[in-house]
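Here's a quick tour of a two-chain model, from the contact between the chains to a couple of individual residues. Have a look at the structure first.

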Amino acid sequence: MRHDHLITSKQFSRADIETILDYAAEIDDDPSAVADRHAGTLLGLLFFEPSTRTKMSFETAMKRLGGDVVDMGSIESSSVKKGETLADTVRVIEGYADALVLRHPKEGSATMASEFVDVPLVNAGDGAGQHPTQTMLDLYTIRENAGLDDLTIGIMGDLKYGRTVHSLAYALTNFDAHQHFISPESLQLPREVVYDLHQQDAPGIREHDSLEEILPSLDVLYVTRIQRERFPDENEYQKVAGEYQIDAETLEAASDDLTIMHPLPRVDEIAPEIDETEHAAYFEQAHNGVPVRMALLDLLLSDEAVLGGDDDE
Amino acid sequence: MSDDHDHHDGNDEHELRVSKIRDGTVIDHVRGGQALNVLAILGIDGSDGEEVSVGMNVPSDRLARKDIVKVEGRELSQDEVDVLSLIAPDATINIVRNFDVVEKHRVERPDVVEGVLSCPNAGCITTSGEPVTSRFTVLEDGVRCDYCGTIVREEIASLIDT
């Protein structure tokens with residue numbers, strides 16, 4: 001069944017993911033083959049939160065497919081400032097664009113917005129909820145570096161509010177992946193996400209408060225930023241922050257093949273000395289956003305029945 | 001000993017505390033202390049002139065302590081009964097006409113409840129003044145917001161959108 005909206009990584013079956021990643025790899029090899037595929041197509045960018053990478057990556061992807069973007073601009077200069085609802089905003093912009101990309105600070109915003117529009121809508125991050133296109137480029141990067149089968153992955157940092165983490169964890173349940181979640185107690189995975197992972201019979205889900213014991217067994221370490229503003233007390237932040245920073249000394253206990261990823265931006269979670277090592281995959285990960293989003297946009301804008309998997313979400 | 005609405009045996013004393021109704025609905029076997037939430041979920045606050053009787057924490061064979069709600073002149077719809085199941089899963093619904101119970105059935109849990117509960121997650125889009133009706137999927141042991149995914153297992157009655 002064709003799905004017009006891309007809201008959550010729960011939509012993806014293993015077959016969907018493989019199709020999308022294979023197609024992204026094709027595009028990566030020869031972007032010129034799809035250069036005019038969507039000439040005349042306009043993508044509406046609705047970013048209600050600041051974003052550099054995601055927004056520019058969608059913009060680049062659309063332009064590399066031959067299309068263009070219309071941008072709502074900053075919130076300060078938009079009608080949102082005048083009190084317009086999101087439901088009204090998306091209904092107006094769908095009249096201008098052939099597809100919409102939405103970044104919004106509220107959880108469930110993409111689900112709600114998709115109920116008001118007929119053009120395809122892509123969730124580019126809804127509060128602490130989901131970020132499914134980030135997950136696709138994460139999976140692409142993991143597959144390139146470590147493979148997706150028999151994978152042992154550590155996911156570390158702010159797991160409570162980290163939408164990239166929630167999306168990735170769901171998608172990995174399609175594979176034989178052992179997931180280790182490493183965070184301070186106050187930033188553990190939401191219980192709802194843990195509930196879902198168990199519901200999907202994820203093969204190995206474990207939670208830790210320290211990286212130390214699990215690091216040697218990891219194929220991939222996915223690091224996210226622990227945000228200072230999440231802590232009501234600066235002292236509480238300082239207590240935990242140091243434990244979740246990666247430097248050369250930390251990696252002495254890691255496998256030589258460990259791949260380190262990060263959705264970026266980073267602050268001080270990964271020391272610059274890691275950047276030039278074989279472990280670092282985070283800039284490659286960011287670059288992968290373009291071919292992966294080209295593949296996703298092309299599939300969404302075409303009549304191919306690819307997105308959505310076997311279920312009916 | 002039975003504690004059905006239309007039986008008068010050892011529970012007479014308790015039954016007398018809540019008068020019989022002529023036509024309407026008796027919601028029996030509500031968990032003790034939930035009667036006012038039952039009224040809230042039905043949107044009954046007395047302002048429309050309904051004649052309502054409430055018995056709270058009366059002895060019950062099945063529940064030890066139960067509440068009873070009797071609403072004169074109103075027969076509950078199936079939707080209303082389904083929603084009641086969220087806070088009163090053991091409830092029995094008695095439809096009364098001319099003092100006789102003409103229908104009696106247990107509540108059944110619906111798959112989804114719409115427009116009844118408010119999401120407790122302040123970060124959920126449904127709490128932001130958008131023109132959207134709340135929607136919760138009913139789980140075995142709670143409810144889950146269809147928009148933000150928040151699961152609520154306890155104190156569901158506190159989410160009733162009054």
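How many residues does the contact take from chain B and from chain A? It takes 20 residues from chain B and 18 residues from chain A, where contact means heavy atoms within 4.5 Å.

A word on the ground rules: this is a predicted model, with local features needing pLDDT of at least 70 and side-chain atom pairs pLDDT 80 or more, while totals for chains, interfaces and linings use all residues. Residues count from 1 along each chain as its sequence is written, chains are lettered from A and ligands numbered from 1 in the order written, and side-chain values use heavy atoms, leaving out hydrogens and water.

Back to the interface. Chain B and chain A bury about 1300 Å² between them, 52% of it from carbon and sulfur atoms; that's the accessible area (1.4 Å probe) the two parts lose on being put together, summed over both. Two salt bridges cross the interface (a side-chain nitrogen of Lys or Arg within 4 Å of a carboxyl oxygen of Asp or Glu). D196(A) pairs with R144(B) in a salt bridge, their closest N and O atoms being 2.6 Å apart.

Leaving aside neighbours within four places in sequence, H166(A) is in contact with residues including L159(A), Y161(A) and V193(A).
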